[in-house]
Amino acid sequence: MITSFFPGRVRLRAPIFKESDLVEKARAILSKSEAVKKIETNPVTGSVLIEYSPAKVPMEKLLPMQDFFTNLACEARRFDGSAESHRKISDMLSALEGIF
């Protein structure tokens, strides 16, 4: 899922990122963070590039989110395009609003 990462920039690639409604929901949530500078998406390749300010994302804030993102990644790998799969991811993204 993570194809490249270095402080300030992370690129994700997965078939789920071809689902425009889910990507837009995630974009809306992440854009609320003052740390996020820019989010680029490519629905053809299923790629998302997130540029952020590393100084505004301290490790102590990220560590508690590790389990959430691990579970989200597992669910994304299981994503099959069905309504049920869509709902599960959407619900998880809604929970992200409370975390972020």
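L63 lies in the loop between helix 2 (59-62) and helix 3, where helices (H or I, at least four residues) and strands (E, at least two) are DSSP runs numbered from the N terminus. The model is predicted: local features need pLDDT of at least 70, side-chain atom pairs count only at pLDDT 80 or more, and totals for chains, interfaces and linings use all residues. Residues are numbered from 1 along each chain as its sequence is written, and side-chain values use heavy atoms, with hydrogens and water left out.

**Helix 3**
- Helix 3 (residues 66-78) has 13 residues and reaches 19 Å from its first C-alpha to its last, close to the 18 Å expected at 1.5 Å a residue (1.5 Å times one less than the number of residues).
- Its buried residues are F68, L72, A73, E75 and A76 (buried: under 20% relative accessible area; exposed: over 50%; 1.4 Å probe, protein chains only).
- Viewed down the axis of helix 3, these buried residues fall within an arc of 165°, so they line one face of the helix; the arc is that of the directions from the helix axis to the C-beta atoms.
- The face turned away from the buried side carries the exposed residues D67, R77 and R78.

- Helix 1 (residues 20-30) buries L22, V23, A26, I29 and L30.
- Seen down the axis of helix 1, its buried residues fall within an arc of 125°, so they line one face.
- The largest nonpolar core has 23 residues, of which I16, F17, I50, I89 and L93 touch the most other members (buried Ala, Val, Leu, Ile, Met, Phe, Trp, Tyr and Cys joined through side-chain atoms within 4.5 Å).
- Helix 1 gives the most to this core, with 5 residues.
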